[in-house]
Amino acid sequence: MVIPVSEISQTGEARRKVVTFAAGLEIEEHLRDKVALATTEMATNLVKHAGRGHIIAQRIGQNGTFGIRVMSVDKGPGIADISKALSDGHSTAGTMGNGLGAVKRLSDSFEVYSVPGSGTVIDAEFWPKNHMPAAGPLDIAVISEPVRGEEECGDGWGVRAMPGSTLLMVVDGLGHGVMAAEAAREAERILAESNKDSLSEILQDTHDALKKTRGAAYAIARIDRGKGLLSYTGVGNISASLVTPDASRSMASHNGTVGAYMSRAQEFNYPWNPNAVFVMHSDGLSTRWSLDQYPGIWSKNPSMIAALLHRDFDRGRDDVTVLVAKPAASRDLV
């Protein structure tokens with residue numbers, strides 16, 4: 001869920017929407033109170049210091065434990081001194097908390113990325129009983145939202161963990177709205193219910209299932225950590241890149257539409273290493289991005305990367321989905 005905030009009256013609306021979202025996830029009441037306070041601080045800071053921005057609320061899960069992530073994203077002046085902004089007594093907006101310091105204390109995981117003159121992203125996670133689950137082998141984050149004016153998102157995504165490897169999928173139903181969403185939800189269902197690990201077999205099953213829909217662009221990848229290998233196949237205009245601090249490699253997809261027409265899709269293999277970041281996205285995001293423009297981003301978690309790419313490269317005229325995966329590591333929290 002992405003909530004625009006550009007005036008002070010919208011801070012209360014943002015809080016209500018996020019709390020309602022948390023209640024729908026069956027987040028316990030005392031945790032919702034923390035989420036409400038943190039959202040108020042973050043939304044108020046957007047108006048007071050950046051002029052405008054947006055709040056993102058997401059369900060997060062790890063090893064069977066589920067919580068909620070709340071992010072604030074802006075393109076304002078940035079934070080010159082993050083340590084000072086986090087200190088007690090440094091109230092950024094005159095609210096009942098203590099600015100960013102209050103958000104940090106309320107949350108179970110807290111991270112800031114800010115570049116003076118370019119904006120700020122704040123990521124706060126809330127887990128039940130103040131218990132953050134142990135990290136898995138991969139950190140994965142997704143931002144997916146419908147084009148403005150639509151309730152249903154015609155994009156979709158999926159993650160399926162297997163022993164030693166992980167499957168990652170992004171789908172873009174043709175067009176947008178209800179009919180595009182029908183194709184996306186069906187592709188998500190196929191991945192979730194499949195017991196196969198062959199990319200070509202899952203792709204074929206998805207193709208068969210989507211014949212009753214208007215079809216979709218589709219891509220699926222498997223990261224095999226033991227083999228140090230990333231395998232990929234795609235049909236249509238889903239973009240995927242394997243990025244390291246030294247290089248960026250785009251992955252090839254085949255022409256066609258899953259559910260309508262596709263040739264035999266070839267599976268491509270790429271080396272996977274601890275310095276890699278894998279990015280998949282629909283054509284709602286411009287392909288002209290580069291992580292080189294974000295100093296220090298390599299130490300940040302995938303939610304930061306996804307939020308920055310969404311902020312800076314969303315075309316604004318289609319559904320948009322961006323999925324980011326990287327090896328799990330200790331986080332640089334500020």
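**Helix pairing and sheet packing in the predicted model**

In the predicted model, helix α1 passes helix α2 in a right-handed crossing. The axes of α1 (residues 9-24) and α2 (residues 29-50) come within 9 Å and cross at roughly 150°, which makes α1 roughly antiparallel to α2. The contact involves Thr11, Ala14, Arg15, Val18, Val19, Ala22 and Ala23 on the α1 side, while α2 contributes Arg32, Val35, Ala36, Thr39, Thr40, Ala43, Thr44 and Val47. Classified by residue type, this contact of α1 with α2 comprises nine nonpolar, four polar and two charged residues.

An open sheet is formed by five strands in the order β7-β8-β9-β10-β15, with antiparallel pairing. The edge positions are taken by β7 (155-162) and β15 (268-271), each of which has a single partner strand, so that one side of each is left without a neighbour in the sheet. Neighbouring strands are turned against each other by 15° on average, direction ignored. Within the sheet, β9 (residues 216-224) and β10 (residues 229-235) pair in the antiparallel sense over seven bridges, and Leu230 in β10 is the bridge partner of Ile223.

Two helices were found to pack on this sheet. Helix α5 (residues 178-193) touches β7, β8 (165-173) and β9, and its direction makes about 5° with that of β7. Helix α6 (residues 199-209) touches β7, β8, β9 and β10, its direction making about 155° with that of β9.

With regard to confidence, the mean pLDDT of the chain is 89, and 93% of its residues reach 70 or more. Over residues 89-97, however, the pLDDT is below 50, although this stretch has 23 contacts in the model beyond near neighbours in sequence.

Key: Residues numbered from 1 in each chain as written. Predicted model: local features only at pLDDT ≥ 70, side-chain atom pairs only at ≥ 80, totals over all residues. Heavy atoms only, no water. pLDDT = per-residue confidence, 0-100. Contact = heavy atoms within 4.5 Å. Axes fitted to C-alpha atoms, helices over the stretch in contact; angles between N-to-C directions. Helix = DSSP H or I, 4+ residues; strand = E, 2+ residues; numbered from the N terminus. Parallel < 35°, antiparallel > 145°, perpendicular 65-115°, else oblique. Left-handed = near helix turned anticlockwise from the far one by under 90°. Nonpolar A, V, L, I, M, F, W, Y, C, P; charged D, E, K, R; others polar. Pairing = 2+ DSSP bridges.
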